[in-house]
Amino acid sequence: MEAVVEKAAARKASNRAIKKAAVLGSGVMGSRIACHFANIGLEVVLLDIVPRELTDKEKAKGLTLENKAVRNRLVNDALTFALKSNPSPIYDKDFSSRITTGNFDDDMELLKDCDWIIEAVIERLDIKKIVFENVEKYRKEGSLITSNTSGIPIHMLIEGRSDDFKKHFCGTHFFNPPRYLKLLEVIPSPETAPEVVDFFMEYGDLYLGKTTVLCKDTPAFIANRVGVFSIMAIFHVMQEMGMTIEEVDALTGPITGRPKSATFRTSDVVGLDTLVKVAKGVYDNCPDDEARDIFKIPDFINTMLEKGWYGDKTKQGFYKKTKTPEGKRAILALDLNTLEYQPKAKVRFASIGTAKPIDDLKKRLKVLHAADDKGAEFLNKVGYHLFRYVSNRIPEIANEIYKVDDAMRAGFGWELGPFEYWDAVGVEKTLAAMEEAGFQAAPWIKEMLDAGNTTFYKVENGIKKVYNPATKIYETIPGLDNFILLDNYRDQKPVWANKGATIHDIGDGVLCVEFHTKMNAIGSEILQGINKAIDIAEKDGWKGIVIGNDAPNFSAGANLAMILMFAIEQEYDELDFAVRAFQNTTMRIRYSSIPVVAVPHGLTLGGGCEICLHSDRVVAAAETYVGLVEVGAGVLPAGGGTKEFALRASDEFFKGDVQLPTLQKYLMNIATAKVATSANEAFNVGIFRKGIDQISVNNNRAIADAKAAVLELDAAGYTQPIPREDITVLGRTALGTIYSFINGMKAAGYISEHDELIAQKVAYVICGGDLSYPTKVSEQYLLDLEREAFIQLLTTEKSMLRVQHILTKGKPLRN
């Protein structure tokens, strides 16, 4: 798999290849950018300054400032800290071997072999210019040089540099953490060659997995300009309305399509000092900004800065973690009136209560903004500030409105950008309310409405278009022809649909099955949708099927509420039927006459993982968190997952692998509910198959890549597979050893009595039952064993309690 990634990383984009990159500066951003470069297979050089003093440990060892370990201490410590951080900046710890560390005094000659050099040192113009002066001495002609500055004007960074340097220089602003936040702002200077800009726009998308946004060289660029304005506007409105930070975070989190960290938790994570720095930068450098006063720092923020309450980095900010007298974890929230910490209060708004059951974000926003309570009033006021602001930033920071929305979704994790949000709540209606409240939007908004154009976006024939204020017409958004976005199919009649699934025609004879239950939990409707898609494809001559969706997660697993109901009511025949239906569906995915390709991303757990295990090919987003987690609910995988691990273990026996350790590897994956924390790791644990399955680094491209995989399989003459009857299981020859190990874990107190029972059931199935010696069995034999074991476990009181706990608390119970 690594070879595939390395080949992809070195592939040419815009007639230029990147094989080796250098990152100058190993701070929070630099070290993590280096890790992400390593993620995609690049060789990476990471450099930082030489320490000026010895530490006590170094003195005790008799080291001097000339020792290499001392000279590289800062960069090595920074990289070590990054690799230990959670969430991890790297797909696989082994990838860190691709990073070579060094320092600015001894190792600058390493730059001569680098195709891309990115600067990520402290945000000071004088220091950055010194770094670039030094870079110019060592870089090879034609190599790319960029800065990760978050706000220093790009044109100022290249003063005094050579023409070749200027031609190959631009800003490439990553967002922290670079692995997870998808925005890459590309900011050219007037001297940047157009082909360099084109290269970064393409390379960032194809190989770094980024949403690349071309920005003008204006203060804070796009995302920070709008994002920090939004936060500062919230500060001002909450003071005006006398709101608490708990109330604001309840209204500016997932309920309105924003991250769970909402406003104040986000500020704590980012750091109050960083937030203030950006706000001050805009205030100082944008004298003509009509909302400049919003960027003034409120008194309570200045007081917090004086006290050193920056957020997570100082252990307290708007929130503070502490412990109760009983030793339990507690979170305190800051009272902005007294600047004292109080126990975090629960928040109740009628508007939230009414809107919360609505899954569709756009419909939920309409309900929230139309409500008649303090929460709705707050959201409307903040909205008026934001809508006025972004309308006036066109064309200052971007000529096209979609760039603003792309930047906010990818950089700040908003589900809807500001113009998309405005569309959701109604442009015309909101504009009237804004004007009545004294908020004047940019003139082009009224021009758009007067011309009969009531939305910023529209979809025509499956193509998403955006209003262009300059040309006054709707234009196709460039670059989307490489993506398949299922939202663009909403206005078309689907091939088939029910409440839980929709079958789309995505062109070229390929169908796509989209899930849309809560968390995409798999129940009868989704199973019906998959089977219906296979029926249609086989009957009507379609080339194949993609199973994928645009939701945050592929699937969190099976519908636990349904199976728990059957268990509680002792409807054993119904329970057996439900498990059989799941098994039959995954087997149909495996043995249909047309290729089926799954597109996992985000959470792909339990039943979602089992769909992937049985697909002809998997095209996984790099950020896929996949595993068979059923033991957390007190059961075992019974949608073919346990069977499939027995089958894969058997195939490894055939290759000559030692049998018992191989079987134990798969057994432990199930028994410990192992979740791979990236698509790369899923290859290592045996969930994805090397040489068959593949990774799409950019999640937005995954469905299109899966469609290409279906067409490839079809063109190669796809042949319907034959069910396996040659699976070697070890029976008692392995069961005794495994049972003894499980018993030892129980005796040592590592697992509970019920954990022991679950592990024994998993072992029984994966070993093929109580067979006297190794035997070849069929898939159906193993499916019957796993279904029987699943039902036996689910009908125990402790397993039912575990399922109930997950449904009510959202996390496993150990009993």
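This note goes through the structure point by point, from the overall fold down to single residues.

1. Basis of the model. The model is predicted, so that local features need pLDDT of at least 70 and side-chain atom pairs count only at pLDDT 80 or more, while totals for chains, interfaces and linings use all residues. Residues are numbered from 1 along each chain as its sequence is written, and side-chain values use heavy atoms, with hydrogens and water left out.

2. Overall build. The protein contains 33 helices and 25 strands, where helices (H or I, at least four residues) and strands (E, at least two) are DSSP runs numbered from the N terminus. Its C-alpha trace spans about 80 × 70 × 65 Å along the principal axes. The radius of gyration is 28 Å, which agrees with the value near 28 Å for a compact globule of 815 residues; the radius is taken over C-alpha atoms, and the globule rule is 2.2 Å times the number of residues to the power 0.38.

3. Surface and interior. Of the 815 residues, 55% are buried, a word that here means under 20% relative accessible area, with exposed meaning over 50% and partly exposed lying in between (1.4 Å probe, protein chains only). The accessible surface comes to about 35000 Å², and 51% of this belongs to carbon and sulfur atoms; such areas come from the Shrake-Rupley method with a 1.4 Å probe, and for residues only the protein chains shown count as cover. Among contacts (heavy atoms within 4.5 Å) with a separation of 6 or more, residues 24 or more positions apart account for 70%.

4. A three-stranded sheet. Three strands form an open antiparallel sheet in the order E9-E10-E11, two strands being paired if DSSP finds at least two bridges between them. The edge strands, each pairing on one side only, are E9 (319-323) and E11 (340-343). E9 pairs with E10 (residues 329-335) over five bridges in the antiparallel sense, and Ile331 in E10 is the bridge partner of Lys321.

5. A hairpin. Strands E12 (residues 457-460) and E13 (residues 463-468) run antiparallel and are joined by four bridges, with Val466 in E13 as the bridge partner of Tyr457. Two residues lie between E12 and E13 in this hairpin, and Asn461 in the turn has a positive phi of about 55 degrees.

6. Cysteines. How many disulfides does a search of the whole structure find? The search finds zero, a disulfide being a pair of cysteine sulfur atoms within 2.5 Å. The closest cysteine sulfur to that of Cys609 is in Cys612, and the 6.3 Å between them is too far for a bond. Cys609 is buried, with a relative accessible area of 0%, and Cys612 is also buried, with 1%.

7. Two buried loop residues. Arg393 is placed in the loop between helix H17 (374-392) and helix H18 (401-412), and Arg393 is buried at a relative accessible area of 3%. Leaving aside neighbours within four places in sequence, Arg393 is in contact with Arg225, Asp289, Glu290 and Ala398. Phe483, in the loop between strand E14 (473-476) and strand E15 (496-497), is likewise buried, with a relative accessible area of 17%. With neighbours within four places in sequence again left aside, the contacts of Phe483 are Asp205, Asn700, Arg701 and Ala704.
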